[in-house]
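Please read them beside the sequence and the coordinates.

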Amino acid sequence: MSSNRLQQIQGHILPGNKQSLLMAGSSSPLSTHVLNTAMGVPGSNLALSLYRQDPNTSTWHLITTGTTNADGRCPGLITKDLFTPGVYRMHFETAQYWASMGETSFYPYVQIVFAVNDPGQKYHIPLLLSRFSYSTYRGS
């Protein structure tokens with residue numbers, strides 16, 4: 001393996017990397033990973049918000065906001081105690097993300113709404129993103 005490649009990946013494998021420790025230590029039962037499929041890179045510095053819907057009024061309540069890290073992830077979205085059955089929404093600010101790279105986007109934002117039936121399980125919500133399309137699925 002070339003020394004250049006080793007320099008690129010060392011931050012992901014050395015225990016001194018604070019970001020890796022944060023992700024490893026994150027006990028959030030909900031995670032996300034944004035991939036910029038147009039460029040083949042993680043979707044870093046993308047602002048997002050997490051909401052839960054009130055089952056009685058159908059109004060959305062903000063739980064947290066965050067920004068994806070260099071790997072396109074946003075660790076620590078919600079604690080196990082706050083993660084209860086219900087309907088959740090992840091809101092991704094895609095127009096801002098593309099504008100930061102001097103690009104425009106057909107979708108000014110992406111919202112993914114999903115149901116949590118068993119909060120004891122791990123829920124992973126990936127977002128595959130380009131300027132003119134997006135896709136998601138329930139990951140593991």
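1. Helices (H or I, at least four residues) and strands (E, at least two) are DSSP runs, numbered from the N terminus. On that basis the protein chain has three helices and eight strands. Read from the N terminus, the order of elements is α-α-β-β-β-β-β-α-β-β-β.

2. On provenance: this is a predicted model, in which local features need pLDDT of at least 70 and side-chain atom pairs count only at pLDDT 80 or more, while totals for chains, interfaces and linings use all residues. Residues are numbered from 1 along each chain as its sequence is written, and side-chain values use heavy atoms, with hydrogens and water left out.

3. Overall figures. Buried means under 20% relative accessible area, exposed over 50%, and partly exposed in between (1.4 Å probe, protein chains only). Of the 140 residues of the protein chain, 32% are buried. The accessible surface (Shrake-Rupley method, 1.4 Å probe; for residues, only the protein chains shown count as cover) is about 8200 Å², and carbon and sulfur atoms hold 54% of that area. With contact taken as heavy atoms within 4.5 Å, residues 24 or more positions apart make up 61% of the contacts in the protein chain with a separation of 6 or more.

4. Two strands pair if DSSP finds at least two bridges between them. Four strands make an open sheet of mixed pairing, in the order E2-E1-E7-E8. Strand E2 (41-42) and strand E8 (134-136) are at the edges with a single partner strand each, so one side of each has no neighbour in the sheet. E1 and E2 run antiparallel and are joined by two bridges; leucine 35 has proline 42 in E2 as its bridge partner.

5. The E3-E4 hairpin. E3 and E4 are antiparallel, with seven bridges between them, and glutamine 53 is bridged to tryptophan 60 in E4. Six residues separate the two strands of this hairpin. Within E3 (residues 47-53) lies serine 49, which counts as buried because its relative accessibility is 12%. Beyond residues up to four places away in sequence, serine 49 touches Leu62, Thr64, Thr65, Arg89, Met90 and His91.

6. Positive phi values. Most residues other than glycine have a negative phi. Serine 58, not a glycine, has a positive phi of about 65°; serine 58 is in the loop between E3 and E4 and, at 44% relative accessibility, is partly exposed. Asparagine 45 has a phi near 60°. Asparagine 45 sits in the loop between E2 and E3 and counts as exposed because its relative accessibility is 60%.

7. Nonpolar core. The term covers a set of buried Ala, Val, Leu, Ile, Met, Phe, Trp, Tyr and Cys residues joined through side-chain atoms within 4.5 Å. The largest such core has 22 residues, and Leu30, Met90, Phe92 and Phe114 have the most contacts inside it. At least two residues of this core come from each of E1, E3, E5, helix H3 (94-99), strand E6 (110-116) and strand E7 (123-129). Leaving out residues up to four places away in sequence, leucine 30 touches Leu50, Leu77, Ile78, Phe83, Phe114, Lys122, Tyr123 and Ile125.

8. Annotated positions. Which residues does UniProt list for "binding site"? The unreviewed entry gives His33, Arg73 and Tyr137. UniProt positions are in the numbering used here, feature names are shortened, and annotations may be inferred rather than shown by experiment. Histidine 33 is in strand E1 (residues 30-36) and is buried, at 14% relative accessibility.

9. The listed pair. Arginine 73 lies in the loop between strand E4 (60-67) and strand E5 (86-92) and is partly exposed, at 28% relative accessibility. The side chains of arginine 73 and histidine 33 make a polar contact of 3.4 Å. A polar contact is a pair of N or O atoms within 3.5 Å; within protein, one must be able to donate a hydrogen and the other to accept it, and residues adjacent in sequence count only if both atoms are side-chain atoms.
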